[in-house]
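Here is a short tour of one protein model. Keep the sequence and the 3D view open as you read.

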Amino acid sequence: MPGSFSPLASARLKYQPRMPGLLKALPKLQAVGLKNKVKTDPGVRPFFSQLADSELVEFKRGRQIPGRPLKVGVFFSGGQAPGGHNVVSGLFDALKKIHPQAQLVGFLGGPSGLVEGKTKAVVAPALKFYRNQGGFDFLGSGRTKIETEEQLEAALACVRRLDLDGLVVVGGDDSNTNAALMAEYFLKHKAKTKVVGIPKTIDGDLRSFWIENSFGFDTATKVYSELIGNIAKDALSAKKYYHFIKLMGRSASHVTLECALKTQVNFAFIAEEIRDRKLSLKELIDGLCRKIEKRIRHGKNYGVVLIPEGLIEFIPEVKRLIGELNRILASDSSFLKVETPDSAAVQMEKIQPLLSASSRLCFQQMPRLIQTQLLCDRDPHGNVQVSQIETEKLIMELVFSQMKARGLKFKAQAHFLGYEGRSALPTNFDADYCYSLGFLAAALIQAGKTGYMAALKGLKKFTGAWQPFGVPLVSLMKLEERKGQKKPVVQKALVDLKGRDFQLFCRRRLKWENADDYLCPGPIQF
């Protein structure tokens, strides 16, 4: 049981999530395969001999068939996202609706709990304190990848030992890639356990034609927008600071775009647009400085700038620099000893001659703080950890230098909104969405489907009209290079520059640049 509850958290415990009308008829649901609605990429097919021809699955009402008591496992994988506990709640309630003697087993600490066999029984008295609550603390989470032969063997041994009918993986693109690998492996070894994935990530980049959105995105963007609105109101009140705010989104700018539309701040970088226009770092900064100078000339020495977390990887010369650094750092183990700013300074002199002329110039243009982070913050393989680079401070410092050169007074503050949104109390949408996804996962397992992602279409309609589907995980996959090898992975979805949201942003941003048209959404979660 978690600690004390605030009045709001207590009230949320009483909220009853709404569901699609079709899922309410769970004991009568029949799965129907839809041929030729999805296909597996030719490059992916050789990796999935068992799953390659999986069909899209929809559900229809039929006559009630006596259910049998299913035993299902579940774990959270990757970073937290609001609504995860409702996936477990929906799954638990659905299994009990199929048969009162059904069992749900939670794996502790994420995928490693499956590999190591660390479990807890999910029972109603304990689960009731987690309904409609944020976080993943009921089971915990982790970032272990189940992909090696040893890990897959351990997972297979565990599901057989526990005699599981199904396994539900709550995670993002990498986690659902691992779910597909497990489903394929279990089938090859004639295990009865069916594997179902749930689309989770606040970044909003787990999307396709059939997957309209991942859970957690709605809540996180509303939490961030409340904070951005507060900062914008402060900027308008004090009239002395530019606020540079970095937001979650390592691989895509969905969060930044959504928050920009919700708050109408002065400037927001969309990384996909920058890559499409092939803007250099200098061009990016020059353009922003011209716009800021125009505001200053009109007596507005304040404003708000939104920056997606992964921005620098979308700038061509910075991406080349990071690629070269990764190769250099991986080829010489002595660089792995760089742990402090002092040792980084020594290594700067050693590394720069190894860079190409263009990358050396790019590196030299970086503020010392960013140079140090490029050398110090690396993963176990020696690669630069881009998510740890303080991009907001990089942009802020480069703008400051230009403003100083132009003889203009300029003050700025840097912020990073990240963890603030990952474990918030879920919005009604995410509470409903996650509960429905849990119910749907049970329906897929009952129907004997494996290697599927639970999906709901029509999310912009009222909840009762949402349409449940099962989407083959292999249909969401493409080949990508990982550690020098081509591997099948669930694709990330970038911001569609021709899409409705980005086009709306384009039509309005010029007005926002010059005006103070800020929106302060406040606590809009519920």
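This is a predicted model: local features need pLDDT of at least 70, side-chain atom pairs count only at pLDDT 80 or more; totals for chains, interfaces and linings use all residues.

A search of the whole structure finds one cavity of 30 Å³ or more. About 30 Å³ of space lies in this largest cavity. Two elements each give two or more residues to its lining: helix H11 (316–331) and helix H14 (368–376).

Which residues line the largest cavity? They are Ile 312, Val 318, Ile 322, Met 366, Ile 370, Leu 374, Ile 389 and Leu 394.

## Nonpolar cores

In soluble globular proteins, nonpolar side chains tend to be buried together. The largest nonpolar core in this model has 78 residues. Phe 215, Tyr 224 and Leu 306 have the most contacts inside it. Helix H16 (residues 428–446) gives the most to this core, with 11 residues.

What does Leu 306 touch, leaving aside its neighbours within four places in sequence? Its contacts are Ile 228, Ile 245, Leu 247, Thr 256, Cys 259, Ala 260, Val 265, Phe 267, Ala 268 and Phe 269. Two of these, Thr 256 and Cys 259, are buried residues of helix H8.

## An enclosed helix

Helix H8 covers residues 254–263. Nine of its 10 residues are buried, so the helix is largely enclosed by the rest of the structure. The buried ones are His 254, Val 255, Thr 256, Leu 257, Cys 259, Ala 260, Leu 261, Lys 262 and Thr 263. Their cover includes helix H7 (217–238) and helix H17 (500–514). Strands S8 (242–247), S9 (267–268) and S10 (303–308) are also included in that cover. Just after H8, Gln 264 takes a positive phi of about 60 degrees.

Thr 221 lies in H7. Is Thr 221 buried or exposed? Thr 221 is buried, because its relative accessible area is 1%, under the 20% cut-off. Not counting residues up to four places away in sequence, Thr 221 touches Val 255, Glu 258, Cys 259 and Lys 262.

## A buried histidine

His 85 is found in helix H2 (residues 84–98). His 85 counts as buried because its relative accessible area is 0%, and the cut-off is under 20%.

Which backbone atoms lie 3.4 Å from a polar atom of the His 85 side chain? One is the backbone oxygen of Gly 135. Another is the backbone nitrogen of Asp 137, also at 3.4 Å. Leaving aside neighbours within four places in sequence, His 85 is in contact with Phe 76, Tyr 130, Gln 133, Gly 134, Gly 135, Phe 136, Asp 137 and Phe 138.

How values were computed. Residues are numbered from 1 along each chain as its sequence is written. Side-chain values use heavy atoms; hydrogens and water are left out. A nonpolar core is a set of buried Ala, Val, Leu, Ile, Met, Phe, Trp, Tyr and Cys residues joined through side-chain atoms within 4.5 Å. Buried means under 20% relative accessible area, exposed over 50%, partly exposed in between (1.4 Å probe, protein chains only). Helices (H or I, at least four residues) and strands (E, at least two) are DSSP runs, numbered from the N terminus. Contact means heavy atoms within 4.5 Å. On a 1 Å grid over the protein atoms alone, a cavity is a set of points where a 1.4 Å probe fits but cannot get out, and a pocket is an open set with protein on both sides within 12 Å along at least five of seven lines; lining residues have an atom within 4 Å of a point. Grid points are joined across faces, edges and corners, and a volume is the space filled by probe spheres set on the points. A polar contact is a pair of N or O atoms within 3.5 Å; within protein, one must be able to donate a hydrogen and the other to accept it, and residues adjacent in sequence count only if both atoms are side-chain atoms.
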